[in-house]
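Subject: Handover of a structure for your review

Dear colleague,

Please find below the structure that I am passing on to you.

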Amino acid sequence: MKNEPAVLTCVGLNYMTVPVEVREKLAFSSGELPEALAVARRRLRGAVVLSTCNRTEIYAFAPDDPSETRRLVGMLNGLKGTALDPSLFYSSRHAGAVRHLFRVACGIDSMVLGESQILGQVRDAMSAATKAETLDGVLSRVFHSAIGVGRRARIETAIGREAVSVSSAAVALARQFLGDLAGKTVLVISAGATGKLAAKSLAHYARSRILVANRTGERASELVDELGESAEAVSLDDVARALSEADIVISGTSAEGFIVGPDVVRPVMASRGGRELLFIDIAVPRDIDPAVREIPSVHLCDIDDIEAVAASGMEGRQAEVHRVESIIEEEVQAFIQWWSSLDVLPVIAALRGRAEVIRQQELERTLKRLPDLDDESRRRIEAMTTAIVKKMLDRP
């Protein structure tokens, strides 16, 4: 495997480099990943695609050549039918790619510093690649290492202490607009991981009335059961009625295209008597059509607006970043040392093989000169020569 002149390469874009309207063009849903990885399997030696609301990245083996960035960008564009300029993408290779992945897994490359959700997303990306058979031995090692580094950072430092998620940051954003959320009615569209976190944050901190809408009614009902008496399931087909009752709408589905637009919101607002409605769209691709901003008394925040809220609460965790960076650097060096050792494995194997041939030849020659030795003594001599060879070669 290591004989090929290839290195681990990361190419991607994230919330720090492009706005949400660009990120959503390259976002891969869980349903799209198998087909995308099937294409990658035909073109690359190994590949993992990590796609979240804040980033889309591909980790692959490619020739150690900066021009390979364009090829990987071209492949990503081809998979999504986009034509994003290569200048929008960042790239890193070898130790840089390993370091970047470790930073992502530790949550210090996240919009919400120290958030823990990314660790599960890294694990999911690895699982998808495993099922698609694009996770070769070295990629498996680096992703398992990343998960280990992420866990270590959260155990050995306070980077995750009181860390917020995107969902809880959305709740904080709602407080900025509306103040005390007690007694407010909140419509959460999505009973998936993101919607569930938002709903639980609201139920715990704000004591709000919560309406849960999901494409699958069963999942919405399950979440309502978890939340208790303050929650109620509504049908997606009945969203207009739910909007008329809501003060806040938090949407985070994985749907393709907008699920709420001005045609739905405008008649709802006409019946509310000027009562304001706040939309917080934490989905990528976005759920709420930006055109609703033009409707009087409607406020719309998207995932990029979460960043300012998240930044306001990161001072304490910021002090832990340098400790996390030290752990990352230690683990990067350990991984690179392992990676470099693959070069000498064939040499060591050949050296061991040659040593074993010599040992057996000399043992046979010696035993012929000692015909009176019993079987136990012969076994002991053989064990001793084997131990000598092993101890001499262990350090190399």
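The notes that follow cover a sheet, a helix, several salt bridges and a surface patch. Please bear in mind that this is a predicted model.

I begin with the sheet. Six strands form an open sheet in the order β7-β6-β5-β8-β9-β10, and their pairing is parallel. The edges are taken by β7 (231-234) and β10 (298-302); each has a single partner strand, so one of its sides is left without a neighbour in the sheet. On average, neighbouring strands are turned by 20 degrees against each other, direction ignored. Within this arrangement, β5 (residues 185-189) and β6 (residues 209-213) are paired in the parallel sense over five bridges. In β6, I210 is the bridge partner of V186.

Helix α11 (residues 262-270) has two contrasting sides. P262, V265, V268 and M269 are buried. These residues lie on the same side of α11, because the arc they cover around the axis is only 135 degrees. D263, P267 and A270, on the other side of α11, are exposed.

Turning to charged side chains, the whole structure contains 25 salt bridges. One of them joins R23 and D304, whose closest N and O atoms are 2.9 Å apart. R23 belongs to helix α1 (residues 20-23) and D304 to helix α12 (residues 303-312), so this pair ties together parts that are 281 residues apart in sequence. R23 is buried, with a relative accessible area of 2%, whereas D304 is partly exposed at 22%.

Other salt bridges lie within a single helix. E68 and R71 meet at 2.7 Å, N to O; both are in helix α3 (residues 68-80), three residues apart, or about one turn of the helix. E68 counts as buried at 12% relative accessibility, while R71 is partly exposed at 40%. In helix α15, R380 and E376 are four residues apart, again about one turn, and their side chains meet in a salt bridge of 3.2 Å, N to O. R380 counts as exposed at 59% relative accessibility, and E376 as partly exposed at 37%. Elsewhere, salt bridges that share partners join R209, E232, D238, R241 and E245 into one network.

Finally, M384, I388 and M392 make a nonpolar surface patch of about 340 Å². M392 is found in helix α15 (residues 375-394) and counts as exposed, at 62% relative accessibility.

With kind regards

Methods: Residues numbered from 1 in each chain as written. Predicted model: local features only at pLDDT ≥ 70, side-chain atom pairs only at ≥ 80, totals over all residues. Heavy atoms only, no water. Pairing = 2+ DSSP bridges. Axes fitted to C-alpha atoms, helices over the stretch in contact; angles between N-to-C directions. Patch = residues over 30% accessible without salt bridge, like charges linked within 9 Å, V, L, I, M, F, W, Y side chains within 5 Å. Areas by Shrake-Rupley, 256 points an atom, 1.4 Å probe, with all protein chains shown as cover. Salt bridge = Lys/Arg side-chain N within 4 Å of Asp/Glu carboxyl O. Buried < 20%, exposed > 50% of the residue type's maximum accessible area, 1.4 Å probe, protein only. Arc of directions from axis to C-beta.
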